[in-house]
Amino acid sequence: MFKLCELPWFDGLYKSIYDVLSVEGKLPHPCDITILPPDAVEVRETVQAATWVDARTIWFRHQPPSYTTFAHELIHLVSGKPVEFEEAYAYNLAAFAVLLAERGIVPPASVVRLFEVSLSEIMDAIREVYRYPFKDIVEYFEYFGIIPAFVVFKENPLDDSWKLEIDWQRYNEKTIVVATVAELVGMAEYDEFALDVLLKLLERASRSSTSAPSKPQSSNPSGSERRRPNQAVLHQKVGVYLDEETMRQIAELAEAYGISYSAVVRLAVRELYKKIKPGGRG
Ligand SMILES: [Zn+2]
């Protein structure tokens, strides 16, 4: 049995992923993490890895594992996560940890803190980074053609108007924050602004968690010269709920009719909901 620090593949991006996730001393030392050999565990084919948190032991079906699998299992070793969100943390933050490692960014606070922020903190960060007064999280996502699971379509039969709003009956703030962070993580791969929102949230988390401000924060040199949200660029890969082909068609329609991209998205969303609705949704 090897310790993580002894494995030849624990280098390069694997090492950077470890560095991203060990911020705030959240991970054991690499020489205190045991890695079981691939043949040590027999489980069904679909299981790629497993972690025994108390024993600080990880098993990977393949060595080296994929970067995301590696990050996922390390996140299971990160202490202080709410039990009911264990997999939500691991699934959603693994890709983000890899993204940060690839870009050589060591976050100012542990990435698990992203799920501890409030919805209003997220909105503050979004408005600041995008420099646009989004009314709420629904409007923010709608702008990009994303309809998260916590959003419902409300129709007013009297004047045939409609709007999207948060489904507060089925979701509470915590689940909305988790879903929102998950979407932002997905967007961060192609939208620098979304990445900046997440980093800003972590920056704030680092300030609120350390009572002694030992080092003064230097002002962000890139902060003064922000680009405006560029729809053409930002919409390019907003394929979370709209696939690429649909996105292309929407862009073409918008251009042909000389209307804004978001106007077309709104119409498309409306048609989509009309199709879903006849079945009735309790
Ligand atoms: Zn897991």
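At what angle do the axes of H2 and H3 cross, and within how many Å do they come? The legends below get there, starting with the whole chain.

**View 1. The whole chain, for orientation.** This is a predicted model, so local features need pLDDT of at least 70 and side-chain atom pairs count only at pLDDT 80 or more, while totals for chains, interfaces and linings use all residues. Residues are numbered from 1 along each chain as its sequence is written. The protein chain has 10 helices and 6 strands (DSSP runs numbered from the N terminus: H or I of at least four residues for helices, E of at least two for strands). Of its 282 residues, 33% are buried (20 or more other C-beta atoms within 10 Å of the residue's own; exposed is 12 or fewer, partly exposed is in between, and C-beta atoms are placed from the backbone). Take the contacts with a separation of 6 or more: 62% of them join residues 24 or more positions apart (a contact is two C-beta atoms, placed from the backbone, within 7 Å).

View 2. Four strands line up as S1-S2-S4-S3 in an open sheet with mixed pairing (two strands pair if DSSP finds at least two bridges between them). S1 (2–3) and S3 sit at the edges with a single partner strand each, so one side of each has no neighbour in the sheet. S3 and S4 run antiparallel, joined over 4 bridges. Ala49 has Phe60 in S4 as its bridge partner, and Thr51 stands opposite Ile58 in S4. H2 packs on this sheet, touching S3 and S4, and its direction makes about 15° with that of S3. The hairpin of S3 and S4 has 4 residues between the strands, and Arg56 in the turn shows a positive phi of about 50°.

**View 3. Helix H2 and what it packs against.** H2 spans residues 67–77, and its buried residues are Tyr67, Phe70, Ala71, His72, Glu73, Leu74 and Ile75. They pack against helix H1 (12–21), strands S3 (49–52) and S4 (57–60), and helix H3 (86–102).

**View 4. H2 crossing H3.** Back to the opening question: the two axes come within 8 Å and cross at roughly 125° (axes are lines fitted to C-alpha atoms, for helices over the stretch in contact, with angles from 0 to 180 degrees between N-to-C directions). That makes H2 oblique to H3 (under 35 degrees is roughly parallel, over 145 roughly antiparallel, 65 to 115 roughly perpendicular, and the rest oblique). On the H2 side, the contact includes Tyr67, Ala71 and Ile75, and on the H3 side Tyr89, Leu93 and Val98 are among the residues they meet. The residues of this contact divide into 11 nonpolar, 3 polar and no charged (nonpolar: Ala, Val, Leu, Ile, Met, Phe, Trp, Tyr, Cys and Pro; charged: Asp, Glu, Lys and Arg; polar: the others, Gly among them).

**View 5. H3 alongside H6.** H3 packs with helix H6 (residues 173–188) at an angle of about 25°, the axes being 10 Å apart. That makes H3 roughly parallel to H6, and the crossing is left-handed. Ala88, Asn92, Ala95, Phe96 and Leu99 of H3 meet Val178, Val181, Ala182, Val185 and Ala188 of H6. The tally is 9 nonpolar, 1 polar and no charged.

Conventions: Left-handed = near helix turned anticlockwise from the far one by under 90°.
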